[in-house]
Amino acid sequence: MPLIALMGNPNSGKTAIFNLLTGMNQKVSNYPGITVEQRKGTALLSKNNHVEIMDMPGTYSLTPESLDEKIVAQQTLKWLNGVDKPSVIISVVDAGNLSRNLYLTSQVMELGIPVIIALNMMDRVKGKNQEVDSKKLQELLGVHAIVPMSAREKWGIDELQSELLNVLSKASIEISPQIQMEIPKEIEKIITPISEYLHNKCDHDNYITNVQALRIITRKSAMDLYSECENLNSAEITSLTLLRDKVAQEIDELGLNHRILEATLRFEMLDNA
Ligand code: GDP
Ligand code: MG
């Protein structure tokens, strides 16, 4: 059964959409060893077309700060290694808080998995007489589709299902994000040893190695995820940690702050768009 992951900020309506898609066919358990709930369920998209849906914990970013974010970041790192990779990600976005929500969406778009944006809470936006040009936004971002909807008023869910079917029916699907962070040459030069390390040891592709390099420079917690991942042994973790600390210092010596490195470049990208 194809797997579909629901991702989004806390309170964007992931669970409401999960409930609409799966109805009574749900299973709630805990993530191993912790009390965070893991919800999975099955949805019938069309006759004989069952999919498994996973409702992920809410997160603002793939840089782990909270426990929920750590779970999600850990999961996405596994996907980068091809483990339990979903066929489609539904990025649930609160239409009333579009720009804040797109931070995570832009990170999710870098995972090499087709993305459909569920532009939820449109009832509120409509109530305030605001407009969102979803077609234009879709082209601007380069996601597979954007589906305006309201989980509360229960509309848009049919369109979401048909976009899911559309992705799943294709033998191969082009994933072509239209936005990418521009990494200044001087920064790229400094982070290259980390990118190359990740490229060689973890088999990530080129752009994502740069993204992951920025992320582990920004937060030690992002670095620590690699030690729980199976592709680096403890000696490799130690050398990557030393490399990371050295590069973080070099970033600071440039007059930048390594703790906001990824956020700075990502907000620049989103502002330009
Ligand atoms: P999650 O944290 O992303 O799982 O969000 P929930 O599904 O728990 O929803 C958070 C809150 O937003 C709940 O009170 C929902 O009833 C409400 N909600 C979800 N979808 C919509 C929507 O489309 N419109 C409105 N107005 N409220 C919604
Ligand atoms: Mg929820």
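## Pockets, cavity and ring contacts in a predicted model

A compact globule of 273 residues would have a radius of gyration near 19 Å, and the chain agrees with this at 19 Å. The radius is taken over C-alpha atoms, and the globule rule is 2.2 Å times the number of residues to the power 0.38. This is a predicted model, in which local features need pLDDT of at least 70 and side-chain atom pairs count only at pLDDT 80 or more, while totals for chains, interfaces and linings use all residues. Residues are numbered from 1 along each chain as its sequence is written, chains are lettered from A and ligands numbered from 1 in the order in which they are written, and side-chain values use heavy atoms, with hydrogens and water left out.

Along the principal axes, the C-alpha atoms fill a box of roughly 55 × 40 × 35 Å. The chain has eleven helices and seven strands; these are DSSP runs numbered from the N terminus, helices being H or I with at least four residues and strands E with at least two. Of the 273 residues, 51% count as buried. Buried means under 20% relative accessible area, exposed over 50%, and partly exposed in between, with a 1.4 Å probe and protein chains only.

### Empty space

Rolling a probe the size of a water molecule over the atoms shows where empty space is left. On a 1 Å grid over the protein atoms alone, a cavity is a set of points where a 1.4 Å probe fits but cannot get out; a pocket is an open set with protein on both sides within 12 Å along at least five of seven lines, and lining residues have an atom within 4 Å of a point. Grid points are joined across faces, edges and corners, and a volume is the space filled by probe spheres set on the points. In the table, Ala, Val, Leu, Ile, Met, Phe, Trp, Tyr, Cys and Pro count as nonpolar, Asp, Glu, Lys and Arg as charged, and the others, Gly among them, as polar.

| Space | Volume | Lining residues by class |
|---|---|---|
| Largest pocket | About 320 Å³ | ten nonpolar, five polar, three charged |
| Second largest pocket | About 270 Å³ | five nonpolar, three polar, three charged |
| Largest cavity | About 90 Å³ | nine nonpolar, two polar, one charged |

The largest pocket is lined by 18 residues, and Glu110, Leu111, Gly112, Asp205 and Ile208 lie nearest its centre. Helix H2 (67–80) and helix H8 (206–218) are the elements that give two or more residues to this lining.

H2 also gives the largest share of the lining of the second largest pocket, six residues. Among the residues that line the second largest pocket are Tyr31, Pro32, Gln75 and Glu228. Gln75 is in helix H2 and is buried, with a relative accessible area of 11%. From Gln75 to Lys85 is ten residues in sequence and 9.0 Å in space, C-alpha to C-alpha.

The count of cavities of 30 Å³ or more comes to one. Its lining includes Leu62, Ala73, Leu111, Ile208 and Leu225. Two or more residues of the lining come from each of H2, H8 and helix H9 (220–228), and H2 has the largest share with four residues.

### Rings and charges

A pair of aromatic rings is described by the distance of the centres and the angle of the planes. Rings of Phe, Tyr and Trp (its six-membered ring) pair if their centres lie within 6.5 Å; planes under 30 degrees apart count as stacked, over 60 as edge-to-face and the rest as tilted. The structure holds one such pair. Tyr103 and Phe267 form this tilted pair, 5.0 Å centre to centre with 40 degrees between the planes. Tyr103 lies in helix H3 (residues 98–108) and Phe267 in helix H11 (residues 261–272), so the pair ties together parts that are 164 residues apart in sequence. Tyr103 is buried at 10% relative accessible area, whereas Phe267 is partly exposed at 43%.

A charge sits over a ring if NZ of Lys or CZ of Arg is within 6 Å of the ring centre and within 35 degrees of the ring normal. The charged end of Arg266 sits over the ring of Tyr103, 5.8 Å from its centre. The charged end of Lys201 sits over the ring of Tyr197, 5.6 Å from its centre.

### Positive phi in two loops

Asn48, not a glycine, has a positive phi of about 65 degrees. Asn48 is in the loop between strand S3 (37–46) and strand S4 (49–55) and is exposed, at 69% relative accessible area. Asp84, also not a glycine, has a positive phi of about 50 degrees. Asp84 is in the loop between H2 and strand S5 (88–94) and counts as exposed at 51%.
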